[in-house]
Structures are given as structure tokens and as C-alpha cells.
Amino acid sequence: MEDAYLTLKGTSEGIYKEKGSKFIALAHHVTTEDEAKSIVKGYRKEYYDARHWCYAYMIGADKAKYRANDDGEPSGSAGLPILGQLRSFNVTDTLIVVIRYFGGTKLGVPGLIHAYKTSAADALESGEIEELFVQRKIKITFAYPDMNEVMKVAKKFGLDFGQQSFDELCHIEFLVRESLFEQVKEKLEDIDELIFKES
């Protein structure tokens with residue numbers, strides 16, 4: 001199963017200038033639509049003297065949630081070229097806001113498409129793109145003598161540890177890559193008296 005996806009790590013910036021107009025592209029790693037909207041709102045306040053705040057975002061490993069906004073520019077001349085760059089770089093969980101300062105000379109629709117596309121691409125090129133994996137969380141409970149067996153499974157599959165507690169019994173939370181889930185589950189369930197829960 002394909003469970004890997006690319007995303008922008010942190011934030012990055014790009015810029016494009018044409019006939020006095022300045023396009024500042026600000027790219028962010030985001031995981032929810034609310035987070036994306038909140039960042040756009042923040043930029044509207046911060047760059048209050050700009051003419052347009054156009055943006056696009058794509059969210060989810062399956063890239064199912066996306067939006068493109070022209071913010072008053074001619075239809076399809078800003079949001080879609082920005083979204084096109086997210087698709088071109090094959091990234092998700094990413095927002096790009098392009099802030100435009102108008103320079104007095106109209107660029108026309110082809111000029112705008114080029115400006116928004118180029119500034120968005122510049123922001124992604126100057127950022128760090130990383131590969132992440134769709135993961136599922138599991139919780140296991142087991143007795144101390146089984147610790148060695150559990151750690152062998154964790155090491156073999158390179159599992160990420162979550163919360164852990166060690167009382168009379170051991171409780172460990174793991175993050176398991178989607179494509180390895182069934183194999184990990186099988187190996188853990190081979191351990192006597194281990195309780196396996198998907199959370």
C-alpha cells in the first residue's frame with residue numbers, strides 16, 4: 001500500500017517582481033483547514049497595506065482537501081496557479097499565501113498567472129520538503145518478561161514510541177506505518193498474553 005507523502009517542513013518564502021508589482025509567497029506546513037484559514041487571516045492583518053492575499057492549500061495524505069482563492073484577482077489567475085505548484089511539487093499538508101503589492105501597471109491574466117505560479121514555486125524551492133508516512137496508533141499491554149520480545153519487534157519495524165508507563169504491567173503506545181500495520185500486529189500478537197489495541 002502507498003502510505004508515503006511529501007510535505008513542506010516548517011515555513012519558507014518566495015518573491016517575484018514584475019512592472020512594479022511585488023508578489024511575496026509564504027509557504028507553511030499545515031494539517032487542518034482551520035489552521036490554514038487562521039494563517040491567511042494573520043497575513044491579512046500583518047500585510048494590511050497589500051492589494052491581494054491569494055492562497056491555495058492541500059491537506060491530507062490522500063490530498064482530498066484543497067482550496068484555491070483568487071481574492072479579487074481575475075478568476076483562475078491566482079489561486080489555481082498556486083494550487084498547480086502544490087500539485088507540481090506533489091506536496092500536501094501545505095499552504096501557500098501570495099501577497100501582492102500593486103505597482104500601478106496591470107499585468108493581464110497571463111502575466112498574473114505567471115507571477116503567482118513563479119512566486120509559489122520559489123517558496124517551495126526555497127523550503128525543505130520531507131517524506132512522511134500515514135501512521136496508525138496502537139497500544140499494547142504486556143508483562144515485564146516479554147519486554148525483550150516487544151523491543152525486538154519495535155527495532156525490526158523501526159516503530160516510533162508514544163506514551164509509556166511501567167506499573168505491574170507495561171503499557172506502550174506505538175505509531176505504526178500503515179503499510180506495515182498487519183505485519184506488526186501479527187508479530188506482537190505472537191507474544192503470549194500481550195493485549196493489543198488500536199486507538
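This note sets out, point by point, how the predicted model is built.

1. Basis of the note. The model is predicted, so local features are given only where pLDDT is at least 70 and side-chain atom pairs only at pLDDT 80 or more, while totals for chains, interfaces and linings use all residues. Residues are numbered from 1 along each chain as its sequence is written, and side-chain values use heavy atoms, with hydrogens and water left out.

2. Overall form. The protein has five helices and twelve strands. Helices (H or I, at least four residues) and strands (E, at least two) are DSSP runs, numbered from the N terminus. The C-alpha trace spans about 75 × 30 × 25 Å along its principal axes. The radius of gyration is 23 Å, whereas a compact globule of 199 residues would have a value near 16 Å; the radius is taken over C-alpha atoms, and the globule rule is 2.2 Å times the number of residues to the power 0.38.

3. Of the 199 residues, 42% are buried. Buried means under 20% relative accessible area, exposed means over 50%, and partly exposed lies in between (1.4 Å probe, protein chains only). Contact means heavy atoms within 4.5 Å. Among contacts between residues at least 6 apart in sequence, 70% join residues at least 24 apart.

4. The strand β7. Seven of the eight residues of β7 are buried, so this strand is largely enclosed by the rest of the structure. Strand β3 pairs with β7 in the antiparallel sense over eight bridges, and β4 pairs with β7, also antiparallel, over seven bridges. Two strands are said to pair if DSSP finds at least two bridges between them. F23 stands opposite R100 in β7, and A56 stands opposite I96 in β7.

5. Two residues of this region. L95 lies in β7, which covers residues 94-101, and counts as buried because its relative accessibility is 0%.

6. The nonpolar cores. A nonpolar core is a set of buried Ala, Val, Leu, Ile, Met, Phe, Trp, Tyr and Cys residues joined through side-chain atoms within 4.5 Å. In soluble globular proteins, nonpolar side chains tend to be buried together. The largest core here has 22 residues, of which F23, I82, L86, I96, V98 and Y116 touch the most other members. Two or more residues each come from β3 (21-29), β4 (52-59), α2 (79-88), β7 and α3 (108-126). Helix α3 gives the most, with six residues. A second, separate core of 18 residues includes A154, F157, L159 and L188.

7. The four-stranded sheet. An open sheet has the strand order β10-β11-β9-β12, with antiparallel pairing. Strands β10 (160-166) and β12 stand at the edges with a single partner strand each, so one side of each is left without a neighbour in the sheet. The twist averages 20 degrees from one strand to the next. Between β9 and β11, the antiparallel pairing runs over eight bridges, and V176 in β11 is the bridge partner of R136.

8. Helix α4 lies across β9, β10 and β11, at about 15 degrees to β11. Axes are lines fitted to C-alpha atoms, for helices over the stretch in contact, and angles run from 0 to 180 degrees between N-to-C directions. In helix α5 (residues 181-189), the buried residues are F181, V184 and L188. Seen down the axis of α5, these fall within an arc of 70 degrees, so they line one face of the helix; the arc is that of the directions from the helix axis to the C-beta atoms. They pack against β9 (135-142), α4 (147-157), β11 (170-177) and β12 (195-198). The face turned away from the buried side carries the exposed residues E182 and E186.

9. A partly exposed strand residue. I129 belongs to strand β8 (residues 128-133) and is partly exposed, with a relative accessible area of 32%. Although I129 and T7 are 122 residues apart along the chain, their C-alpha atoms are separated by 5.5 Å. Beyond residues up to four places away in sequence, I129 touches L6, T7, F89, V91 and L124.
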